[in-house]
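Subject: Structure handover

Hello,

Here is the structure for you to look at.

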Amino acid sequence: LLYLDHSATSLPKALGVGEAMSKALTFGNPGRSGYGAALDASRVMSDTRCALAELLGMEDDSRLLWTSGATEALNLAIFGILKSDSGAHSHSGARVISTNLEHNAVARPLEIGRQTKAWRWDILDAVAGEFAEHLEQSLALEKADLVVVNHVSNVSGHRQSQAAIRGICLKYGVPLLWDVSQSVGCEPLVLHRGEMLAGGAHKGLRGPMGLGFLAVGEGLNLEPFKFGGTGSASESLDLPNFWPDRYESGTPNVPAIAGLGAALASFSPADLGLRQTELQHRRDFLWDSFSSDSRVQLIGPREGGTALSLKLEVDSGRLAQLLWDQHEIALRVGLHCSPLAHQSLGTFAHGTLRCAPAYDTTMAELDKFVLVFYEALNQIARKN
Ligand SMILES: Cc1ncc(COP(=O)(O)O)c(C=O)c1O
């Protein structure tokens, strides 16, 4: 298998993930019991929380919340902040600004808020590299309650400047939510005051599916999104008023948390800079391999993240199927759950063929991919 779909999920997982997950099946429920199996579960939860908080440069690991995935983390952040007193308006009539590259995990919550809670959702261009300038102009005219930014696009690899956008949100006092689904584990990330990072365990971090996180910076408060048992303050019908319990009702996914713990132990935070360099090196290679052929249009900047999209003269679904059938090369075609991004990139409604190598995909593998890609392209073109 030549796996080039790391933007969808990582494959294989980091060494030790499967073993840690099956060991966790012998653990109890972490809900405050004092016997060994329950303590094993509590320990793996707090060790993994601590390790991920450290990776994200957080001082207070209780503000790192476990969720079922990036999607739930983004929902918690969006609905939680717009109901809380961190946003200037409460729930109804709030103003939200986002990029035009958002995944449906952001776009659908914002759309439902627009339809049912009279949120105003302003979408600013992030393709031409001037999102920060547009944001500054927009906030100078009118205050907003939340800014949501797709840090690295899962379609084109566009990366938004954290320093510039952070500075503007701080200046205007607007909470800032980063969707770091594509960048966490692939490059250094540090949580700052007044902002949130939402991501999953199963992509760049090389952990299992079914787990995500929301890291909430100092100065922000959230309203909870779900209500239930926490194993703490059980005498009260209200949720506990402390982090993280207030936001983590229900039995957590302990096997996935244990798996992520193993994935985090397999590298050091200092490796992230190198991973970013290695990814860029692979992107440069793909870019150079496709940029001079008029039948292939590159969708995305030369410098960017994991995902690089191609728009082809031929049917890209047919090409991807051929590469899978004849060479076991795994690629993804279509809209990648991001219709907004494709509208912004001019690739709606057919979408693109997405190549998403990892930092450790070998150059020999990419060489082979490019070779058989052109063979398949020629084969399809001849038949047309
Ligand atoms: C940019 C982005 N945001 C959010 C998500 C949602 O992640 P999940 O499906 O793991 O919850 C994805 C997954 O593809 C993504 O690429």
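The lining of the second largest pocket divides by class into 7 nonpolar, 13 polar and 4 charged residues. The classes are these: Ala, Val, Leu, Ile, Met, Phe, Trp, Tyr, Cys and Pro are nonpolar, Asp, Glu, Lys and Arg are charged, and the others, Gly among them, are polar. This is a predicted model, in which local features need pLDDT of at least 70, side-chain atom pairs count only at pLDDT 80 or more, and totals for chains, interfaces and linings use all residues. Residues are numbered from 1 along each chain as its sequence is written, and side-chain values use heavy atoms, with hydrogens and water left out.

The search runs on a 1 Å grid over the protein atoms alone: a cavity is a set of points where a 1.4 Å probe fits but cannot get out, a pocket is an open set with protein on both sides within 12 Å along at least five of seven lines, and lining residues have an atom within 4 Å of a point. Grid points are joined across faces, edges and corners, and a volume is the space filled by probe spheres set on the points.

In total 24 residues line the second largest pocket, and Ala-70, Thr-71, His-103, Ser-181 and Lys-203 lie nearest its centre. Helix 3 (residues 70-83) gives the most to this lining, with 3 residues. Helices (H or I, at least four residues) and strands (E, at least two) are DSSP runs, numbered from the N terminus.

What takes up the second largest pocket? The ligand does. A molecule counts as sitting in a pocket or cavity if more than half of its atoms lie within 2 Å of the grid points. Around the ligand are Ala-70, Thr-71, His-103, Ala-105, Asn-150, Asn-154, Asp-179, Ser-181, Gln-182, His-202 and Lys-203. A residue is near a molecule if one of its heavy atoms lies within 4 Å of it. This shell has 2 nonpolar, 7 polar and 2 charged residues.

- Thr-71: a polar side-chain atom lies 2.6 Å from an oxygen atom of the ligand.
- His-202: a polar side-chain atom lies 2.8 Å from an oxygen atom of the ligand.
- Ala-70: a polar backbone atom is 3.3 Å from an oxygen atom of the ligand.

Taken alone, the ligand exposes 390 Å², and the protein buries 83% of that. Accessible areas come from the Shrake-Rupley method with a 1.4 Å probe.

Largest pocket

The volume of the largest pocket is about 560 Å³. Of its 29 lining residues, Pro-30, Met-45, Arg-49, Glu-248 and Pro-252 are the closest to its centre. Helix 2 (36-55) and strand 2 (64-67) each supply at least two lining residues. Helix 2 gives the most, with 4 residues. By class, the lining has 7 nonpolar, 15 polar and 7 charged residues.

Cavities

How many cavities of 30 Å³ or more does the whole structure hold? The search finds 3. The largest cavity has about 100 Å³ of space. Its lining includes His-6, Ser-10, Gln-182, Cys-186 and Lys-203. That lining divides into 5 nonpolar, 5 polar and 2 charged residues. Gln-182 and Lys-203 also belong to the ligand's surroundings.

The second largest cavity has a volume of about 40 Å³. Thr-67, Glu-72, Leu-76, Phe-225, Lys-226 and Tyr-247 line it. By class, they are 3 nonpolar, 1 polar and 2 charged.

Backbone points

The peptide bond from Leu-11 to Pro-12 is cis, with omega near -5°. Pro-12 lies in the loop between strand 1 (2-3) and helix 1 (17-24). The Trp-243 to Pro-244 peptide bond is cis, with omega near -5°. Pro-244 is in the loop between strand 8 (212-216) and helix 7 (254-265).

Which residue has a positive phi although it is not a glycine? His-336 does, at about 55°. His-336 is in the loop between strand 12 (332-334) and helix 10 (339-345).

Best regards

Conventions
Polar contact = N/O pair within 3.5 Å; in protein donor to acceptor, adjacent residues only side chain to side chain.
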